Amino acid sequence: MTTSSPAPRADDADSDRLRALLERAAKGRDSQAWSDLWTELYHNGSLDVTHPLVLPTLADMAEADKADLAASALHLAGALLVQADQRYETRNLRHQYASEVTRLLGAANRWRQVTADRNDYCYLVEAALNLEGDIHWAEDLIWGVVSEEYELECPDPDGCASLWVITGERGFFSAAEDYALSDDIETFPLHPADPRALEGLGRRLYDLALADGHEEVARALTYAFGEATCPECEQRFSVVGQIVARSS
Ligand SMILES: [Zn+2]
């Protein structure tokens, strides 16, 4: 008796490894399993991100009632989708798993609204942006909000040195050197965006952070969507413009 031929599938050994890692990750408190998933799905691609276990299982984890598990699943799923968009210059993975992406995005937005920790909140916003898939630089944007600094290039075509944009406990300024390494360097005050004048993504993320009770994140975003001064040529430039430039 003949049956319809099965769809092409990943090597059985890889399937077994993927299943084992996902099962360990789903049980929680297994950071090695998550680390291996990141390495093998994201960093070196030795496991296949299109495998039918990957996004459906991550969506199940995101919808379960465990905040840590959901956050880990959402972070990985969002990163995998953005990487696939860029690596293949198609949105095939998003289309192939459209219902899972919808479930993941719904979960990201639910967890975002109930997460009190500042950095956990930021990573959920990053995951939501990655799942939406309209920008590929959410990781770079959010990384600076979490770490309270961006390392950027001046937009001057003649090329000034790298500069640091610092936001947070150490103050709000740009400097030519990593401020952490030196306590006697010239600094230039930042020019945050006027919240009333924010548009587009900046407007949306600012309003979202306020609505979700994260005023300090909203404030940090006015600096990310504001302007900084290059310490070398003293030209003012858009911070987010250079975040985008650095990640493209
Ligand atoms: Zn410059």
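This is a predicted model: local features need pLDDT of at least 70, side-chain atom pairs count only at pLDDT 80 or more; totals for chains, interfaces and linings use all residues.

- We're looking at an open sheet of four strands, ordered β1-β2-β3-β4, and the pairing is antiparallel.
- β1 and β4 (187-189) sit at the edges, each pairing on one side only.
- Going from one strand to the next, the twist averages 25°.

**Strand β2 itself**
- β2 covers residues 163-168 and is mostly covered, with five of its six residues buried.
- As background, side chains in a regular strand alternate between the two faces of the sheet.

**β2 and β1**
- Strand β1 (residues 149-152) runs antiparallel to β2, and four bridges join the two.
- E149 has I166 of β2 as its bridge partner.

**β2 and β3**
- Strand β3 (residues 171-175) also pairs with β2 in the antiparallel sense, this time over five bridges.
- How many residues lie between β2 and β3 in their hairpin? There are two residues between these strands.

**The helix across the sheet**
- Helix α11 (residues 239-247) lies across β1 and β2.
- Its direction is at about 60° to β1.

**Putting it together**
- β2 pairs with β1 through four bridges and with β3 through five, while helix α11 lies across β1 and β2.

Notes: Residues are numbered from 1 along each chain as its sequence is written. A residue is buried if 20 or more other C-beta atoms lie within 10 Å of its own, exposed if 12 or fewer, and partly exposed in between; C-beta atoms are placed from the backbone. Two strands pair if DSSP finds at least two bridges between them. Axes are lines fitted to C-alpha atoms, for helices over the stretch in contact, and angles run from 0 to 180 degrees between N-to-C directions. Two residues are in contact if their C-beta atoms, placed from the backbone, lie within 7 Å.
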